[in-house]
Amino acid sequence: MHKCHVILERIQRSIPRLERAAAKLGQTEGAGAGSVPGEAGQHGGRAGGAAPPRGTLSRRPRRSGAAGMAGRQRQRLLLENAEQLVLVCGRREPYLRRDGAAGLGVLRAASLVVGLGLAIQQCASYMEIHQAGGGIHFTVEHTRKATEDELFTTLQHRLGRMLRAGSTLVECKSGYGLNLETELKMLRVIERAQKSMDIGISSTYCGAHAVPKGKTATEATDDIINNHLPKLKELKLSGEIHVNNIDVFCEKGVFDLESTRRILQAGKDIGLQINFHGDELHPMKSAELGAELGARAISHLEEVSDEGIVAMARAKCAAVLLPTTAYMLRLKQPQARKMLEEGVIVALGSDFNPNAYCFSMPMVMHLACVNMKMSMNEALAGATINAAYALGKSDTHGSLEVGKQGDLLIINSSRWEHLIYQFGGHEALINYVIVKGKVIYENGRCETTSSY
Ligand SMILES: N=CN[C@@H](CCC(=O)O)C(=O)O
Ligand SMILES: [Zn+2]
């Protein structure tokens, strides 16, 4: 189902841009024949991010300047960031024969204005939406407004869905506040979930997920090092919150290598494990940096260099590959096979966030096999012991061995591979989810008081 995201507050900013587009396209009165398929979708932040309002079409009264129209208000409708805009026709065709129908004028990631004439604009890539104030910044706006209780309810629901899909340990990140107040709000929500829910949680501070509006990357870096991290250290010492890892979005147009180095080193200095976004959209030499700093893990790596792969293998720095992100953002696939052959510890993650709204590690493993050519054994190791290693928890999690905490699934199949092979079949296959030897989920019912 294709989601269209029509956001009121973003409309204010978009109209001038689209009016210029309308002027270029010439006036076409009235609504186009085009339609937007599917339902208005619901964004979800990372586990703990705010769930922004459902998209709704928006109509704005338009003061008509035309004499004949005085007094009559004309509606103006703006639809922004439709994932698909089906125009049906684009050249005033009176009909479409077989060949014509094959196209239907489908635009991807497009916006539409009706009432100024029909203006259609092609939206763009992940980073162009990010730079235009969407993406992470959109979720930040909603997370800053959300209460702790609202964030906790959302997190609880999402962790429940991940548990039912077979996850017993989840890395939960902040990163949708970008200011100290909201980052701490998110980390307190994660702490509350750690204390009240059976699922295992590793907490990550990700205050460098993006450069907040109104700051430069250097100002944001200084704010994180001089204000955020000292406060985190104080709260860790007092026991108020237990943060395990530090993350930075090391990317062109976000945090460069030098800022990333400064932030990660400062996080390491207060006892946090380094586990950051690297080489996702551009070759930043993040992998080389991570190996040098003793990073526990680096995620994404679609654009990692050959030298970075060798450095990660040597440093035992885990590569956390995210098949859903590569799939949904149509990125080139990370070189899983090359990493495996070079001896890199390859882990898998869901990268759950508005761009990768996937709760299911079985589906992540399936995509890793199909799109990254990993074997089912390599995928299972990636989603269990190597994922635990990436979080510094492979001494207690990730395998069934004496002395470990006893997390396991019981599935109704004679072959474990069916958990990967049956794409999307995990909830029917999983009979029991057990954490620390305790049945937390059985056949569609959560067994513990902490409702999921
Ligand atoms: N790349 C940056 N961070 C997330 C996306 C977060 C968002 O767009 O809300 C990721 O890892 O995919
Ligand atoms: Zn991320």
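A polar side-chain atom of N353 lies 3.4 Å from an oxygen atom of ligand 1. Of the surface that ligand 1 exposes when taken alone, 330 Å², the protein buries 99% (areas by the Shrake-Rupley method with a 1.4 Å probe; for residues, only the protein chains shown count as cover). The model is predicted: local features need pLDDT of at least 70, side-chain atom pairs count only at pLDDT 80 or more, and totals for chains, interfaces and linings use all residues. Residues are numbered from 1 along each chain as its sequence is written, chains are lettered from A and ligands numbered from 1 in the order in which they are written, and side-chain values use heavy atoms, with hydrogens and water left out.

Two further side chains make polar contacts with the ligand (a polar contact is a pair of N or O atoms within 3.5 Å; within protein, one must be able to donate a hydrogen and the other to accept it, and residues adjacent in sequence count only if both atoms are side-chain atoms). In the side chain of Y126, an N or O atom is 2.7 Å from an oxygen atom of ligand 1. E280 places a polar side-chain atom 2.9 Å from a nitrogen atom of the ligand. In total, 13 residues surround ligand 1 (a residue is near a molecule or strand if one of its heavy atoms lies within 4 Å of it). The closest are Y126, Y176, H300, D351 and N355. By class, the shell holds five nonpolar, five polar and three charged residues (Ala, Val, Leu, Ile, Met, Phe, Trp, Tyr, Cys and Pro count as nonpolar, Asp, Glu, Lys and Arg as charged, and the others, Gly among them, as polar).

The UniProt record, an unreviewed entry, places the feature "domain: Amidohydrolase-related" at residues 261–439 (UniProt positions are given in the numbering used here, feature names are shortened, and annotations may be inferred rather than shown by experiment). This span is 41% helix and 16% strand (helices, H or I of at least four residues, and strands, E of at least two, are DSSP runs numbered from the N terminus). Its end C-alpha atoms lie 42 Å apart.

Helix 13 covers residues 361–372. Nine of its 12 residues are buried, so the helix is largely enclosed by the rest of the structure (buried means under 20% relative accessible area, exposed over 50%, partly exposed in between, with a 1.4 Å probe and protein chains only). Among the buried residues are M361, H366 and M372. At the start of helix 13, a side-chain oxygen of S360 reaches to within 3.0 Å of the backbone nitrogen of M363. Just after the helix, K373 takes a positive phi of about 60°.

Positive phi values also occur in two loops. D279 has a positive phi of about 45° although it is not a glycine. This residue sits in the loop between strand 8 (273–278) and helix 9, and is buried at 0% relative accessibility. For L301, also not a glycine, phi is positive at about 70°. L301 belongs to the loop between strand 9 (297–300) and helix 10 (306–315). Its relative accessible area is 0%, which counts as buried.

The whole structure contains 16 salt bridges (a side-chain nitrogen of Lys or Arg within 4 Å of a carboxyl oxygen of Asp or Glu). In one of them, E141 pairs with K213, with the closest N and O atoms 3.5 Å apart. This pair links distant parts of the chain, 72 residues apart: E141 is in helix 4 (residues 136–145), and K213 in the loop between strand 6 (200–208) and helix 7 (217–238). D149 and R192 form another, at 2.9 Å between the closest N and O atoms. Here helix 5 (residues 148–164) supplies D149 and helix 6 (residues 180–196) supplies R192, 43 residues apart. D149 is partly exposed at 47%, and R192 is partly exposed at 33%.

E292 and R261 meet in a salt bridge of 2.7 Å, N to O. E292 lies in helix 9 (residues 286–293) and R261 in helix 8 (residues 257–269), 31 residues apart. E292 is exposed at 53% relative accessibility, whereas R261 is partly exposed at 27%. Salt bridges that share partners join E258, R261 and E292 into one network.

Helix 4 also holds T139. T139 is buried, with a relative accessible area of 3%. Its C-alpha atom is separated by 8.7 Å from that of G177, 38 residues apart along the chain.
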